[in-house]
Structure formats: structure tokens, C-alpha cells
Amino acid sequence: MIHSMEMELGGRTLSIETGRMAKQADGAVFVRYADTAILATVVGAKEAIEDRGFFPLQVEYREKAYAAGKIPGGFFKREGRPGEKEILSARLVDRPIRPLFPPEFMHEVQVMITVLSSDQENDADVLGLIGAASALCISDIPFSTPLGAVRVGYISGKYVLNPTFSQLEESDLDIVVTGSADSILMVEGKAKEIPEHELLEAIRFGHESIQNIIELERELIAVCGKPKREVTSPEVNEELTQTVKNMCLDRIRRANMLPDKEQRQKAIDDTVEYVIAELTERFPECEKVMTSLVFEIEKEDMRRMILEGGQRIDGRSLDEVRPVSCEVGVLPRTHGSALFTRGQTQSLAVATLGTKMDEQRIDDLIGESWKSYMLHYNFPPFSVGEVRPIRGPGRREIGHGALAERAIEPMIPSDEDFPYTIRIVSDVLESNGSSSMATVCAGTLALMDAGVPIKEMVAGIAMGMVKEKDRVEILTDILGVEDHLGDMDFKVTGTRRGITAFQMDIKMSGISYELLEVALEKAHVGRLHILDIMTQTISKPRPDLSIYAPRISILKIPVEKIGDVIGPGGKMIRSIQEQTDAKIDIEDDGTITVAANDLEMGQKAVNLINAVVEEPEIGRTYTGVVKKITNFGAFVEFMPAKEGLVHISDLERHRVNRVEDVVSLGDEILVKVISIDPLGKVKLSRKAALGSPRGGAPRGSAHRGGSARGGAPRGSSPRGYTPDRKTEPPQRRYSSEDDR
């Protein structure tokens, strides 16, 4: 039987339907919002698996090209591995639902979200969250907490519910809020330096709207929800539990007093080995249970230290930031580099500047676009003292990189002010908590070292929480173990003026507004502390770009002149590039970007292009080269790719019988433009130019191979780039390989 519920949300209709599609799944819903629609399905394995130390949940998010009326590119013409947007959307769904399964439930669960229709105005990621929660709630899988999710924007001083893609371009805020009926479960997004109280109000605004979505889900559950599977708790061997506790509690407490991560972990591992060696004969086949018991005692003791004594395992106070050190210019040949160390977490960030040809091309449901700022995060196994296979970036690396990228993005100068493609790479060299926040700090320093004129310095900090009944403590700058054994991971980045990005994950049923406010206030204090240390290292971007960075000039030519610059078969543009070793990029609107490692060669390329597009002027004298001789005159190339005829009667003041008596092929001669006919044919005269002063071209003349005006194009700056850039999206590009 088909069941459907609908409501109005943000001026559009949200509907949830079940019973028509994917009926063999344990739970399946079709969610539609305006003309964007997704199918969310959930299946839970019938048999439990061996405890792996984590809940075996898989969340997959896939976009179908047909959803936007497109055919996939590539050789196979079908969807391939998930792109970055799909991976980030899958993580957005995974994080809030994972803590809500019963801890003793160890059945594999797979959530699949498929985007079936895209109106290219409403993002499907929040629909995936609503669909996943709805499908789980109506299934027999033991998940019974209805969830809602909305996107919140902030435009012209007003909060906007589920802003469209076009509205988000004007918004100072872009966050996704996920929550249950009584608390917040996850917040993620970016902002343009908004203050903490505005973020808190945005979360409150989103949570109020979530209530209606949850009510809609409850109506659906009431008419078609299945009885939930029984979950049996594993039998507890009280004797073994107490024996392990008696044996290792003192050892664990001593280990938790060791500030060094490696020493502490070794002490914990030694305790596990000691317990197993002593008790295996007495309690056979219980090694995994013993290991779990030791880790549970470790967790309880760490939380006790924080809640009862206000003491952390590395000896810090609850609000204290670990020691921070910053270095810039650590690599000799990169455009910009920085090493940021906070405690035992260290990021090496490198900034590289490129041209428009280095932009990343993105082709997704929303259409084709170009990305000129990128941040890539790498987490090699040696950073945590492990050995594991090296493959492509995993979901965690993509997620952490995206968080750091959007943290710095509001500070990146516009294309008009700084027409470079910017790539930051963060290699995490050590990790003991919040390496993504170290990436934000290191990335900012690397940009400043490269001379990128960023608007403000950005820093990030991760906040944690430990809560037991009515007792709760907020932790500043959490360690890896405090993240693992705590109840919250709240990452906040920003400048001195406000927040630029955030990501909050809760490992419990939710968090109150009061605790959120406290966490934001403490994060603000910690962020300013880190910014002060960063400022002591480098207070503003370097005044000049690295000598190894390309120098970029931008000029605008008439559209009808694009073919002249390219030349037949790309001959002209190749010639200019060969002479100057510059990269030249031409857009359909006539914008030309010239990039060269040598400023002088870049200027030479600009002059050559100006000479190609320059129109000949009547009455002006040029230096030309004889290209062809006929019995009635000589054809002279007086500008790049432009020829004119010097009639035999205009070669000398006296009568000339043969052209060859005056000029030969390849001769350089002075000529004056005396007429241009309606078809563009140019008539030249050597006779008229002979009255010029001796020893060179007359004043105002243009020499072959250079611009008549010479010098830098209007608006150029000594940094090697010009601020006359148009902001329209790049169109079709032409380079030396193109034949236009």
C-alpha cells in the first residue's frame, strides 16, 4: 500500500512517500522537495557480525546524471565512483544517525540515497538526511528517533529556510542543521565572519523548522512503521569484569597521567597484554572481552578525571590550548610554505599559485563550473605511527579537506584582485587531535608566505565535551583520545571578526543551546589565542610573490580579434609562446591571461599580443619586412600578421623601373600608412616615410614585434597582475594546441 505525507516548508512542498518503490528493502521512502527528489533505502543484515570495535554502518549517496537530464561523460558513459560532493553528502548523513543505533546492535546496515531528480535549485543533501531517518524509522531496524534536517541561510539581515543555490550566492551563511525533537545532533557549514550569537540564532531558527518535519515522519511511522527487531544485550560475566577491574585500574590511572601519546598508548597496550596473559587460562576464549573491558575502564577513568577533578590526561586545564609553534618559508622552492605544530599535531602546508589553465573543472548535476581555489588534505599512516596501504584519499581526508577549504575560502581575494589559481596542500606529519584545524592554521600561514593578499588571518580549534547525567564539562583543543572517548567534536574556525566554518558531531542523543553557547564562547577565546601566536610569526602577507610563482597579466581584446591572436592552426599564439615561454589563455569574451615566470618575458608577450590586435593608423610610420615582390610593387608586413602594398610608384621620390632595384625579400624598411579601403586593404608608402629623421623610426612609430604604445597594459601593477578581470564564469578556452 502506498502512503504519502506532505507539508509546506520554506514556501515549497516537501513530501515523503513509501510503498511504491524498492519494496524489498527493509525501509524505503521517496522524498520530494519542489522538483528535486531522492530515493532512500535501508537494509539491515539478519545476522550479527563479530564486534569490530565500531558499528558496521554504510551510507552511500549517489547522483544520477539523468536527474538533471544529462548523459555522463567519459568513455563508458555511465556513472563511476562517487565524486567529492557525493562523498561529503554521504558523510553528512552518516554522522548524525550513527550514534542513535543501540550500542549492542552489531548487524551490518546499509543506507543508500539516490538522487533521481534535480531541479538545480534545491540541494538534495538535506533530503537525503530526511529520507534516511524516515526509512530507518519505518523499517524493523532498531532505530526509532525521527530526525529532521534543514539548510539555513542569512540574506539581508534575515534567516532563510532552505535557500536555493542562487540565494546562497548572496548569503552570509550556509549551514545544515540536523536534530531530533528536543536537541541538536549535527551542525555543519560555512559563514562570512558572522559572530557567535548569529550562528546560535541560525541553529535555533533551523531547529524550530525541524519540528514540523519530525511531525510528518511520525505520521508516516504511525500508518506504516514495522515492529522493531529485538536487540539482546550480550551476557556480562560479572566475575571477569570485576577481576579485570581489580587488576588494571591502578595501571590505567598511571597510564592516564602520562602526557605523551606514545608512552600512554604503550602503557595501555601493556595492560591489555598483562590481563590476557594472567586470565586466559582461567577465562578461556575471552580475549576480546578482556580487551574491551580494559578500554572501558580507560574511558571511565578519563571521564572521571575531567568531571571530578577538572584534570585532563596531558595535565592541561579544561580551557588550555596546547603549546603552539609556527614557521613559514620552510621549503626553498615552493611558492609558500608553513609548518604549524600544536602539541603532538603537526601540519605542513604548501601554497601553489597557477594560471587559469590550472583551474579544476567540475561537472555535476548543477552543471559545469570551474574552481580556482582548492585545499587538499593528506593523512599518511606515519602521522599516527601506523603501517597501512597507501591508496587514494579516503572519505575522512576528503571531509577534513573540505572543512579546511571552506574555512579559508571567505578570505581568498577575488579574481579581479588576484587572478591566480590557488592550491593548498596539507600533509599531516603528526596527529593527536584536530588535524583539520591545524590545516586551517598552516594553510593560512602558507598563503601569507606566498604573498597572497588574503583579507584576514584564519585559525581553527576543536572543542569537546564530557557529560554524565547532570555533570558536564566543555574541553578546549581536544586530544585524539578525548575525541574518541568524549561526547562531542565541535570544530570552529574564524578570524578575529567572526566565524568562517564549523562542524559539530555529537556522540549522544543531542546537545542543548546552553552548552552550544558555552562551547562557542570558549572556542572564540581559544581561536584568538592561536591567532595571536600566528601573528607573531607573520603579521601580514608578504609584499611580493615568490620568485618561483608565475607573473600574470590580463588584457581585453575585441572578440573579433581572437582569431588573429590564435592565427591559422594556432600559428600566431604558438609563435608568441615560443618567443616568451609564457602561457596564454584566451576566453570567448576576449579576456586574455598571460602567465610567465619572468616578468620581462610576460610583458613581451603582452606587447606582442597588443601588436597583433592593434589597428593600423593612417598617417603613421612603421618598420616593416618585405614579404613578396611583384612587378607592380612590394608587399610589406608592417604589423604582426598584417601586410600592405607599397606600389612601385611609392618606393622612391624618383621614378623606379624595377622593384628589385630598391628592395629585396626580407629587407626591413620604413613605411607609412596612406590609406585603408573598406575591405581592410592597406596601402603603404616608402616614399612618404623617407622624410623621417635619420637613424630610426619617427616619433610615435611602432617597431615590428612590439606594441606601438609599449609598456604594461592599462591597470597593471608591479606585482605582475592586473585588476581588470571580468567575473563571468570562464567559457571555451583556446591555447596553442587549439585550431579555432
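A residue is termed buried if its relative accessible area is under 20%, exposed if over 50%, and partly exposed in between (1.4 Å probe, protein chains only). The model is predicted, so that local features need pLDDT of at least 70 and side-chain atom pairs count only at pLDDT 80 or more, whereas totals for chains, interfaces and linings use all residues. Residues are numbered from 1 along each chain as its sequence is written, and side-chain values use heavy atoms, with hydrogens and water left out.

Helices (H or I, at least four residues) and strands (E, at least two) are DSSP runs numbered from the N terminus. Strand 22 (residues 551-556) is largely enclosed by the rest of the structure, because five of its six residues are buried. Strands are paired if DSSP finds at least two bridges between them; strand 22 and strand 24 (residues 591-596) run antiparallel and are joined by six bridges. Within this pairing, L555 has I592 of strand 24 as its bridge partner.

Helix 14 (residues 599-613) contains 15 residues. The expected span of a helix is 1.5 Å times one less than its number of residues; for helix 14 this gives 21 Å, in agreement with the 21 Å between its end C-alpha atoms. The buried residues of helix 14 include G602, L608 and V613.

Aromatic pairs were assigned to rings of Phe, Tyr and Trp (its six-membered ring) with centres within 6.5 Å, planes under 30 degrees apart being stacked, over 60 edge-to-face and the rest tilted. The count comes to 10 aromatic pairs. One of them, Y622 with F638, is edge-to-face, at 5.3 Å centre to centre and 65° between the planes. Y622 belongs to strand 25 (residues 621-630) and F638 to strand 26 (residues 633-639), 16 residues apart. Y622 is buried, at 1% relative accessible area, and F638 is buried at 1% relative accessibility.

Side chains of opposite charge can pair when their charged atoms come close. A salt bridge requires a side-chain nitrogen of Lys or Arg within 4 Å of a carboxyl oxygen of Asp or Glu, and the structure holds 53 of them. In one, R497 meets E193 at 2.9 Å, N to O. R497 lies in the loop between strand 20 (488-494) and strand 21 (499-506), and E193 in strand 10 (residues 184-194), 304 residues apart. R497 is exposed at 57% relative accessibility, whereas E193 is buried at 15%.
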